[in-house]
2 protein chains.
Amino acid sequence: LTGSFKFRGAFNKLSKLSRQQMDKGVVAFSSGNHAQGVACAAKLLNIKATIVMPSDAPRIKIDNTKSYGAEVVTYERKDGNRVAIAEAIVSETGGELIPPYNDPDIIAGQGTVGLELAGQAADKNADLDYVLAPCSGGGLVSGCALAIHETSPTTKIYSVEPAGFDDTARSLDLGERVEIDVNQQSICDALLLETPGDITFAVNKMLLTGGLVIDDDQVRNAMRVAFQEFKIVLEPSGAIALAAVLNNAIPVKGCTVAVVCTGGNVDTGAFRSSLMEV
Amino acid sequence: LTGSFKFRGAFNKLSKLSRQQMDKGVVAFSSGNHAQGVACAAKLLNIKATIVMPSDAPRIKIDNTKSYGAEVVTYERKDGNRVAIAEAIVSETGGELIPPYNDPDIIAGQGTVGLELAGQAADKNADLDYVLAPCSGGGLVSGCALAIHETSPTTKIYSVEPAGFDDTARSLDLGERVEIDVNQQSICDALLLETPGDITFAVNKMLLTGGLVIDDDQVRNAMRVAFQEFKIVLEPSGAIALAAVLNNAIPVKGCTVAVVCTGGNVDTGAFRSSLMEV
C-alpha cells in the first residue's frame, strides 16, 4: 500500500485521533512517502489531508499523494520553510499535524515491519545476527529495533544513511544528537535530514549497534541488484540497506542478515538511468 | 529461485530420477526459464545438465543458466531443430530428457503455484471468481487448474497467450489440439509455441473456461503497471495475465481475481524500453 512502509505509522496515528480531531483534518510535511502514507490513511478514515511537499519531490510521489484525494502544497526545499507552512495551515484549520517520525504512535506503526521480520525469521528457524534498515528521522529503524530486541536481544541492528546526511551515524558515535551541515546532494530523496528526532534517537541510542553510511553509486548498484536478482523495484532510499550489505559495510559472511528494503516510488526516468550501467 | 516458476516442475521431476539416471545427466531444450529451472535443480541435486537454447534467448536467461553450471548449446530458432539436437545429446550420453511441460511430474510441480494461490485466498477468506495464468505449453495453467479445482470447483480459470501464438485458445474453442501457422513475432519469448501438449491439453480441456489472447502493447503496459503500482519486475511473458485483466479481456468488475505473474528474467535494455512510454 502506497509503495513504502510509511502507511503503517500514519494509519496507526490517524486511527487513534478522536472523531472531533478527525473532522478538522490532518496536515503533514514530507518529501513523499510519508505524504502518501498520511494521504492514503486519511482517505480510508474519511479525513481531509493537506500535505506540504518539496517542489522537487519525485513526480510519482506528488501524483500518488494527490490520487488519494489529499491537497498538496509545495515549497522550495532550499528555503526549508516546510515546518512554518505546515504550522500556518494547522493554526488556520485546527487540523492535527502528523509528524513523520518523532512520535510514539508513528514509531509503533513502522515497527510492525520489525514484527513481521521477526515472525518470518522464526518461521524459518533463523536466528538473526544482523538487521539493517534505512534511516532518515529514525522512525523505521527505531520501531524495528524495539520489535526485534524484544524477542532477539542479541541481534545487532544498524541504521543506514546516505553520505552527507549521516546525522544518526554521527549522533550514535557521539552519544548525543548532532546536526550536520548539508554540503552535498544525494539521490536518496527520502533520507535527506540534518538531525535525528529526540524520541527516535533515544530509542536508537539504546538499541542500535551503529550507523552505516553509503554513497549514491553504491545505492544505484543495489537498485540494479534488486532488479536483476530479486525482481523488485526499489527507489534509492529503499535500496540503501541492501547497498550496505553488498558493499560489506559490516562483516556478514556466514551470518544471517535481514535487510529492510522498503520504498519503490521512483520515477521511471530515474529508474531507467539507474539500470543504465549494467 | 531462478526468477520464474519453472524451478518447481524441474525440481519435482529431477528429484524423482533414480541415482543411476542422475549419474547420466539431464538434457532440456528451452527458451530460457525452463533452462534455468532445470539447471538450478540439477545443481542442487548434483546432476550434470545440458541445455539447448535458442541463440536469440534473452542474454540474462543464457547467463543465468550457465551460472548454475549447466552446459548451454545454442541453436537458431527459425531452424526449429531443438528437439533433434536435444535427442542427439540424449542418445550420446544416455541422459534423461526433461520435458518443459508435457509431463505429470512437471505439471504437479508447476501446480504448487495454484496450491499457494488457493492457500493465500483461503487465508483472506476470499472466494476466487477467476484465476488467469500465462500459457505456452500449458504446464503452469493445467497444474494451477488441478490444484484450484480441487478446493474451488466454481472458480473460472483462463489461459492467456500472446497474439499469433494462441494455440491453446484455439484448441479450447475447437475441443481438440490444433497447430497454428506462425506468421508474426511477440516480445513474450517464453510463450512462442505452435501447439499444446497432449497431457496438458487433456487437463486444460477439462478444467479451463477458455483461452485469452493479448498483444505486445498490452503486455508492455502491464509491465509498466507492475513496475509503478506493484513494484515488481516482470518479463513480458510474466505480465501477460495481468495484461488480460487490465484490458478487460473478461468482465472482472466486482469479482475476486487471482492473476499469476511469474517470470522476471528480462534484459535491462528491454525493460528500460518497456518503461519508455510512461
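Modeller: Gladly! Helices here are DSSP runs of H or I with at least four residues, numbered from the N terminus. With that in hand, and keeping in mind that this is a predicted model, let us go to B:Ser186, which sits in the loop between helix 9 (167–174) and helix 10 (198–207) of chain B. Its relative accessible area is 14%, and buried means under 20%, so B:Ser186 counts as buried.

What does the side chain of B:Ser186 meet there? It makes a polar contact of 2.9 Å with the side chain of B:Asp216. A polar atom of the B:Ser186 side chain also lies 2.9 Å from the backbone nitrogen of B:Cys188. Leaving aside residues up to four places away in sequence, B:Ser186 touches B:Pro162, B:Phe165, B:Leu192 and B:Asp216.

Now for the step back, to how the two chains are arranged. Chain A can be laid on chain B by a turn of 180 degrees with a shift of 0.0 Å along the axis, giving an RMSD of 0.0 Å. The two copies are thus related as by a two-fold rotation axis. Within chain A, the residue that comes closest to this axis is A:Ile232, with its C-alpha at 2.3 Å. As for the interface, 100% of the interface residues of chain A are interface residues in chain B too, so the copies meet through the same surface.

Terms used. Residues numbered from 1 in each chain as written. Chains lettered and ligands numbered in written order. Predicted model: local features only at pLDDT ≥ 70, side-chain atom pairs only at ≥ 80, totals over all residues. Heavy atoms only, no water. Least-squares fit on C-alpha atoms with pLDDT ≥ 70 in both. Contact = heavy atoms within 4.5 Å. Helix = DSSP H or I, 4+ residues; strand = E, 2+ residues; numbered from the N terminus. Buried < 20%, exposed > 50% of the residue type's maximum accessible area, 1.4 Å probe, protein only. Polar contact = N/O pair within 3.5 Å; in protein donor to acceptor, adjacent residues only side chain to side chain.
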